Amino acid sequence: MSVAQQDLGLAEPGLSSDRTPAGLDSLAALRRRRLAVLALNLLACAGTAWLAAEVLGAGGWSAVDLGIFLCFLVGLPWSVLGFWNAVIGFWLLHLVRDGLSRVAPFTAAGEWEEPLRLRCAILMFLRNEDPARAFRRLRVIEASLEATGEGRAFDFFVLSDTSDPAIAALEEAEVARWRAESHAPERIVYRRRARNTGFKAGNLRDFCARWGRAYELMLPLDADSLMSGRTIVRLARMMQAHPRLGILQSLVVGMPSSSLFARIFQFGMRAGMRTYTMGQAWWVGDCGPFWGHNAMVRIRPFVEHCDLPMLPGKPPLGGHVMSHDQVEAALMRRAGYEVRVLPVEEGSWEENPPTLLEFSRRDVRWCQGNLQYLKLLGMPGLLPTSRFQLVWAVLMFIGVPAWTLLIALVALEPFDSDPAGSFPVGLGIALYLLFLLMYLAPKLAGFLDVLLTAGAARRYGGRLRFALGALVELVFSFLLGAATTFRITLFMIGLLFGRSATWSGQARDAHALSWATAAAGLWPQLLFGLVVCGLLLWHAPAVLLWGAPLLLGFLVAIPFAVLTADPRIGERAARLGLCAIPEDIDPPPEIRALAAGDPGR
């Protein structure tokens with residue numbers, strides 16, 4: 001085998017050098033797709049940057065102008081790639097015959113009716129979570145798997161890193177009750193570590209060292225995960241049919257919620273994820289994403305090739321890798337196994353944070369974990385697309401403080417610029433509208449996808465209800481964006497002084513936020529908004545009016561958090577079907593069983 005083949009990840013003898021390891025795509029075709037996406041993004045970035053330079057430099061360049069321009073350049077790529085992913089995804093779904101086969105040619109194997117020969121371990125990771133709700137999900141999954149007739153191929157492992165003795169005692173009681181009521185108690189294993197060394201990745205490594213050799217596949221789940229037995233079996237059959245598939249990630253969508261915050265957030269995610277993920281999967285191909293849960297993973301290459309390094313230096317960016325998933329995906333592909341995503345909304349769910357504060361806590365954990373990738377970008381042997389995935393995960397958060405600083409500088413721009421007459425108003429409006437289009441493109445493409453797909457709007461409760469939900473979600477996204485970006489900006493400043501996030505139990509059920517709690521967590525957003533809006537109102541009220549969609553979220557962050565967390569408002573929205581998702585309108589058996597507290601229903 002040539003060095004070139006090894007560099008492509010074709011490490012298994014006999015594989016064709018012109019196709020990906022599982023033989024699913026032509027390498028030449030993937031290369032053409034990636035070059036096309038690169039060209040589209042470079043042209044869009046260059047054109048938008050030129051337009052920004054024309055606007056900012058119209059009256060001569062000042063320090064503020066230059067600062068705005070540099071911040072714009074840092075934050076722009078994320079929106080541009082999101083735009084093209086959405087456009088490509090929409091094209092595949094509506095303008096190409098059987099676009100799914102181009103993106104996921106392995107799906108047909110999921111329908112083959114041959115018995116499963118591979119054994120799979122289903123893993124749930126816990127750390128100070130509510131044991132009753134976590135075990136209820138596992139029992140629903142067990143019953144759903146048994147209904148497929150393939151339940152014998154799956155064992156269950158509850159891998160606890162719980163540090164609270166009282167919660168640990170409840171976990172043990174739930175395990176005992178589950179075993180007592182299960183027809184196959186020998187397939188249920190509970191293990192608790194005294195220390196959570198290596199966080200979730202260390203917990204997973206411990207499983208692999210103890211039990212991994214007995215299984216070919218593993219299915220990691222978070223404490224809020226739920227999957228249907230049919231989907232799990234389909235994923236396993238795809239892995240069985242394609243031995244060089246290393247990771248197969250399902251498309252995870254939100255579950256019905258009585259929290260208004262979660263309902264609106266996951267409505268937008270649900271509508272937009274299909275087009276975005278289809279577009280992304282078209283060009284990333286065999287170097288796809290791994291989100292750490294609700295995905296099939298082949299154990300042997302994972303153990304042999306996906307061991308995470310200890311990062312040099314001290315926390316927050318040194319030590320154990322926190323966001324392990326995308327690193328493991330890059331290492332799996334380097335080892336000669338494909339990493340794929342199945343961009344189909346079917347039988348794979350999670351719960352979203354019920355409040356703005358919980359959402360922000362999750363964001364800062366992801367932020368710290370992704371920024372650790374800065375120390376991993378030079379890992380030898382990674383394929384260019386895999387390395388780009390790590391770069392992109394870093395840019396996702398580096399762009400956040402850039403936008404925050406840009407907003408602050410825009411408030412200073414009227415004091416720094418020449419008198420009226422030099423500013424190109426028309427070009428400025430065009431630039432602003434172009435940015436909004438790119439920013440909103442994944443959502444708009446998703447909404448249009450639902451409206452144009454036969455029967456899709458009916459699954460959301462009808463076109464009128466869907467359109468109302470889309471309007472509510474667009475307003476929500478602007479308010480949420482302001483509050484969360486400023487929170488991440490503050491956290492990243494804290495990272496410079498050694499501040500670190502922690503992995504602990506999450507509040508997953510709907511609950512109220514007091515005004516005092518919201519104010520304690522969100523007063524910096526309010527202060528920032530008052531200063532920026534005050535400066536604009538004083539010297540450039542027209543800019544304040546145009547910028548209202550991006551600025552209002554700072555001013556109303558506190559009432560926004562309180563009202564969207566209020567269980568009474570959330571329950572009323574649920575009764576009215578506001579921002580309903582398909583599982584609200586026609587719940588699948590697993591969702592119904594979970595809601596009824598009857599795993600076997």
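Predicted model: local features only at pLDDT ≥ 70, side-chain atom pairs only at ≥ 80, totals over all residues.
Residues are numbered from 1 along each chain as its sequence is written, and side-chain values use heavy atoms, with hydrogens and water left out.

**View 1. An open sheet of 7 strands.** The strands, which like the helices are DSSP runs numbered from the N terminus (strands E of at least two residues, helices H or I of at least four), follow the order E3-E2-E1-E4-E8-E6-E9 with mixed pairing, where two strands pair if DSSP finds at least two bridges between them. Strand E3 (188-192) and strand E9 (338-342) stand at the edges with a single partner strand each, so one side of each is left without a neighbour in the sheet. Neighbouring strands are turned by 20 degrees against each other on average, direction ignored, the axes being lines fitted to C-alpha atoms, for helices over the stretch in contact, with angles that run from 0 to 180 degrees between N-to-C directions.

View 2. E6 pairs with E9 in the parallel sense over 5 bridges, and leucine 245 has glutamate 338 in E9 as its bridge partner. With strand E8 (residues 295-298), E6 pairs in the antiparallel sense over 3 bridges, and here leucine 248 stands opposite methionine 296.

**View 3. Strand E8, covered on both faces.** Ala295 and Val297 on one side, and Met296 and Arg298 on the other, are all buried. E8 is also joined to E4 by 2 bridges, these two strands running antiparallel, and valine 297 of E8 stands opposite methionine 218.

**View 4. A stacked pair of tryptophans.** Rings of Phe, Tyr and Trp (its six-membered ring) pair if their centres lie within 6.5 Å, and planes under 30 degrees apart count as stacked, over 60 as edge-to-face and the rest as tilted. The structure holds 29 aromatic pairs. The rings of tryptophan 78 and tryptophan 392 have centres 5.2 Å apart and planes at 20 degrees, so they are stacked. Tryptophan 78 lies in helix H3 (residues 63-94) and tryptophan 392 in helix H13, so the pair ties together parts that are 314 residues apart in sequence. Tryptophan 78 is partly exposed, with a relative accessible area of 34%, whereas tryptophan 392, at 9%, counts as buried.

**View 5. An edge-to-face pair formed by phenylalanine 157 and tyrosine 215.** The two rings are 5.7 Å apart centre to centre, with 90 degrees between the planes. Phenylalanine 157 lies in strand E2 and tyrosine 215 in the loop between helix H7 (199-211) and strand E4 (217-221), so the pair ties together parts that are 58 residues apart in sequence. Both residues are buried. Phenylalanine 157 also stands opposite valine 189 in E3, and E2 (residues 154-160) and E3 run parallel, joined by 5 bridges.

Terms used: Buried < 20%, exposed > 50% of the residue type's maximum accessible area, 1.4 Å probe, protein only.
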